Amino acid sequence: METRRDIFQAIADPTRRAIISLIALHAMTPNAIAEHFNTSRQAVSKHIKVLAECDLLTQEERGREIYYSLELKKIQEIENWLNPLRQIWEAQFNQLDNVLSNMKKQKK
Amino acid sequence: MNNNLQFDMTVDKAAQKVFITRQFDAELSLVWDAFTRAEILDQWVAPRPWTSRTKRMDFKVGGQRLYAMVSPDGTLERWAVQEYRSITPKTHFALWNAFSDKDGNPEQFGSDWDYTFSEEQGITTVRITIYNESLARMEKQIEMGFREGFAMSLSNLDEFFAQAK
């Protein structure tokens, strides 16, 4: 079954996270990316394909080479998803900080 | 909050898991009590101005906590039930959490919560793993929240929080 990929599939795999970190720094060819990994080139190109399907890659042709760079707007989606959750937890734990500080005072 | 205290939250959406690590400036026995005693839980788990009210709590394996998040005017109650699955005193406990009716009859889908406690030099670290059987629902609630602009103000998070908990 074909399902539409989303960005969280992209970051669910450690190799893909490593690729993201690499191309976040500068555009790279598939071969240059593959050189950073011990796995086969086919395995790396599979990962690149997933990243492309998640719209995380920008492709640029220079001569005969294709360079991949990171679509930063897409990465922002992860932050957008995480921030509300994080804020909820922060607020809750800040309340717990106060409760603990009162408990410590009462103990003294 | 003391800025030296660690707070990390990561999500493995494929595995439907949320990992949270938080340090507290208190000894382990206090933090343990704060997570395992009803009268203390009720002081902090609800997002203000909502309040938490525990109807009953039996902290033992197979025991339950039935509680409600109550709206500021007292008219809205969101009930949830937790069942303790394993307990190692002052080290670890696990529970299953689900929304319920006021008698504690759970909805079909819930979430598994795993808590680990450790202390070093008076700082207690709590690690929480949440496995949500319906992350899609949680996600939808977050999106709805965004539309309401709730990211702007914590006070608007109330209802979502009551549901997310």
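**View 1. The open sheet of chain B.** In this predicted model, eight strands of chain B form an open sheet in the order β1-β2-β8-β7-β6-β5-β4-β3, with antiparallel pairing; strands are DSSP runs of E with at least two residues, helices are runs of H or I with at least four residues, and both are numbered from the N terminus. Two strands are said to pair if DSSP finds at least two bridges between them. Because β1 and β3 (51-57) of chain B stand at the edges and have a single partner strand each, one side of each is left without a neighbour in the sheet. From one strand to the next, the twist averages 20 degrees.

**View 2. The hairpin of β1(B) and β2(B).** Strand β1 (residues 7-12) of chain B runs antiparallel to strand β2 (residues 17-24) of chain B, and six bridges join them. Val11(B) has Val18(B) in β2(B) as its bridge partner, while Gln16(B), in the hairpin with four residues between the strands, takes a positive phi near 60 degrees.

View 3. Eight bridges join β5 (residues 77-88) of chain B to the antiparallel β6 (residues 92-99) of chain B, and the bridge partner of Tyr84(B) in β6(B) is Leu95(B). Helix α5(A) packs on the sheet, where it touches β1 and β2 of chain B, and its direction makes about 145 degrees with that of β1(B). Helix α1 (residues 28-36) of chain B also packs on the sheet, touching β2, β6, β7 (111-120) and β8 (123-132) of chain B, and its direction makes about 165 degrees with that of β7(B). Such angles run from 0 to 180 degrees between N-to-C directions, with axes that are lines fitted to C-alpha atoms, for helices over the stretch in contact.

**View 4. The side of chain A that touches chain B.** Here 24 residues of chain A are in contact with 27 residues of chain B, contact meaning that the C-beta atoms of two residues, placed from the backbone, lie within 7 Å. The elements of chain A that give two or more residues to this side are α1 (7-10) and α5 (72-107), and α5(A) provides the largest share, 21 residues.

**Notes.** Residues are numbered from 1 along each chain as its sequence is written, and chains are lettered from A and ligands numbered from 1 in the order in which they are written. In this predicted model, local features need pLDDT of at least 70 and side-chain atom pairs count only at pLDDT 80 or more, whereas totals for chains, interfaces and linings use all residues.
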